[in-house]
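Reader: I would like a close look at one part of this protein: how its charged side chains pair up. Please take me through it step by step.

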Amino acid sequence: MSLAFENACSEIKRTASTEHIKKAYQDMSDEYRSMVKEDVFVRFFEGPNRNTILWHDYEAGGISAKQVPPLQFAAVRTDMELNIIDLPIDIYCKLDCDRLPHPQAIAITKINPMKCVTEGLPEPEFFRHINREMSLPNTCVCGYNSMNYDDEVTRFGLWRSLIPVYEREFRNGNSRWDLLPVMATFASLGIPGVIVPVTDEGETTLKLEAIAAANDITQENAHNAVDDVYALIGLAKLLKRASPLLWDYLYDGRRKKTASGRCLTGMTGMLYSPMMGAEHNYGKPVLILGPNPQNRNAGRVYLELDDVTRIRQMWKMPLEAIRENVFKKKQDHIEAGSERPPLSTLKINNSPAFFPFNWLVKEGFIDDESPVILADKIASNRDFISKLLAVFELDSFPEEDDPELMLYGGFPSDGDKGKLARLSSQPIVEAFAKKEASFDDPSLNLIYLNARARLRDYPGITLSNDDKGAWQFYCASLQIQPIDESNPKGYVNLTNAEKLLAKTEMDDALRGGYKEYLSYVRQQIGPSLP
């Protein structure tokens with residue numbers, strides 16, 4: 001956020017007069033006043049609260065949010081009426097030599113890797129900027145498919161940068177939301193005024209660029225983070241205007257407590273999600289079976305009610321057979337000619353778009369409650385319900401051996417929490433001045449060394465030859481490990497980057513930039529490469 005806006009938030013008292021607020025507006029920079037209207041500024045600071053929504057988007061180097069190198073971050077802050085209230089943020093992240101962006105990602109985003117190398121902020125500094133934006137009190141952070149991707153990029157980026165990961169999500173009135181399930185709900189219910197585009201294959205699509213074009217929302221450059229954010233705000237305005245009732249219901253559902261109250265065991269309703277697919281109009285009737293045994297605090301298990309035959313098949317199947325088919329990969333189902341059982345999970349802290357049938361009927365969105373009859377029959381058989389819940393009683397999950405991917409391996413100790421809080425509050429040079437850290441968790445000590453190495457060119461940070469050698473060896477080990485050709489996550493390193501680049505269509509400037517970046521990586525790693 002701009003320093004001027006941050007200062008205004010702290011200096012303009014809630015009892016300030018209109019004249020005082022107008023004077024504060026006139027003291028803002030010309031750039032700020034060209035972006036934020038005076039009446040918007042005055043209403044915001046006169047209002048009973050100062051809630052904002054931070055609309056954001058990443059452009060990143062691949063599809064695996066846990067380990068993808070971020071390229072660009074953009075965000076625009078609005079008030080609750082979706083008026084812009086601060087200057088936009090647009091920053092690039094410096095690409096290093098540990099994780100390479102996929103050539104296809106470069107072709108899509110059109111971001112020259114060398115722009116990130118020369119103009120980007122080192123990753124620890126990059127995520128400090130982002131955390132500061134997201135941590136302003138009473139901020140709701142929102143994106144498009146952000147729960148599945150952008151939030152993971154943020155979480156793992158904060159983890160790698162030794163910044164407390166979750167505080168910005170709930171402290172000081174903060175929250176997070178995702179506009180993609182909101183759009184799926186509006187599309188499924190056919191809300192007037194919202195055009196759902198159709199592909200050449202005749203299926204509806206929820207892609208932001210297609211929706212923007214269909215609804216005359218200005219988006220000059222799709223897959224540019226700044227333009228995507230402005231398109232997102234335009235879509236939000238369209239949806240809020242088309243049905244304020246739906247908008248408010250879904251926005252309230254971003255709160256875990258609210259979502260938990262809606263998704264009680266035994267509740268029957270409609271769940272809207274892009275995961276339901278265009279063939280199901282992005283929504284299915286579901287029965288909430290109970291807490292997910294692997295995540296009782298935030299997880300719920302639900303049964304889809306749209307196909308009685310498939311439910312009967314599970315009735316006859318043994319527990320292990322159901323479990324095997326639930327966790328089988330989609331491609332394996334396709335090859336076997338089978339279907340995934342109609343059993344899945346949701347997270348109540350991920351803003352599920354779940355609507356009890358009685359609410360939808362009362363508000364006139366639907367008039368068919370027939371799935372409730374089926375749900376009542378199923379809910380009366382406790383043995384069947386217990387069997388379905390037991391499907392998710394897994395003994396173990398694959399363990400990560402890379403400290404930078406161990407975010408979900410457990411919460412830091414109280415001592416480490418305090419150290420992380422102190423570290424992230426210090427100026428970056430002071431925080432990373434020491435040659436090593438003293439965390440209880442050895443993985444955090446290794447992450448500290450990696451973060452410090454990413455700051456090796458930062459003024460005031462000095463690495464010894466041994467530190468540089470350790471970083472070069474670490475990067476080299478990542479760059480020369482064999483890549484499984486069937487790797488679904490599209491992992492890239494020096495063993496396959498040139499081959500993938502040759503297969504990817506892009507203009508000569510981008511191709512030249514990617515090749516230059518590969519040379520830069522080899523030069524940085526130096527003698528550690530075999």
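Author: **Charged pairs, one by one**

Start with E169 and R176. They form a salt bridge, and their closest N and O atoms are 3.5 Å apart. The idea behind it is plain: side chains of opposite charge can pair when their charged atoms come close.

A word on the source. This is a predicted model, in which local features need pLDDT of at least 70 and side-chain atom pairs count only at pLDDT 80 or more, while totals for chains, interfaces and linings use all residues. Residues are numbered from 1 along each chain as its sequence is written, and side-chain values use heavy atoms, with hydrogens and water left out.

Is this pair buried or exposed? E169 is buried, with a relative accessible area of 11%. R176 is buried too, at 7%. Here buried means under 20% relative accessible area, exposed means over 50%, and partly exposed is in between (1.4 Å probe, protein chains only).

Now take K284 and D306. Their side chains meet in a salt bridge at 3.9 Å, N to O. K284 sits in strand β7, and D306 is in the loop between β8 (295-304) and α15 (308-316), so the bridge ties together parts that are 22 residues apart in sequence. (Helices are DSSP runs of H or I with at least four residues, strands are runs of E with at least two, and both are numbered from the N terminus.) K284 is buried at 6%.

E133 and R77 come next. Their salt bridge has its closest N and O atoms 3.2 Å apart. E133 belongs to helix α7 (residues 123-134) and R77 to strand β2 (residues 70-78), so this pair joins parts 56 residues apart in sequence. E133 is buried, at 3% relative accessibility. R77 is buried as well, at 1%.

How many salt bridges does the structure hold? The count is 25. A network of salt bridges connects D98, R99, E123, R160, E404 and R454.

E404 lies in the loop between α20 (382-390) and α21 (414-425). E404 is buried, at 4% relative accessibility. The side chain of E404 also makes a polar contact with the side chain of R454, at 3.0 Å. A polar contact is a pair of N or O atoms within 3.5 Å; within protein, one must be able to donate a hydrogen and the other to accept it, and residues adjacent in sequence count only if both atoms are side-chain atoms.

S386 is in helix α20. S386 is partly exposed, at 41%. S386 and G290 are 96 residues apart in sequence, yet 9.3 Å apart in space, C-alpha to C-alpha. D414 is in helix α21. D414 is exposed, at 67%.

Finish with another acidic residue, D216. D216 is in the loop between α11 and α12 (225-242). D216 is exposed, with a relative accessible area of 72%. Its phi is near 55°, a positive value in a residue other than glycine. Most residues other than glycine have a negative phi.

Conventions:
A salt bridge is a side-chain nitrogen of Lys or Arg within 4 Å of a carboxyl oxygen of Asp or Glu.
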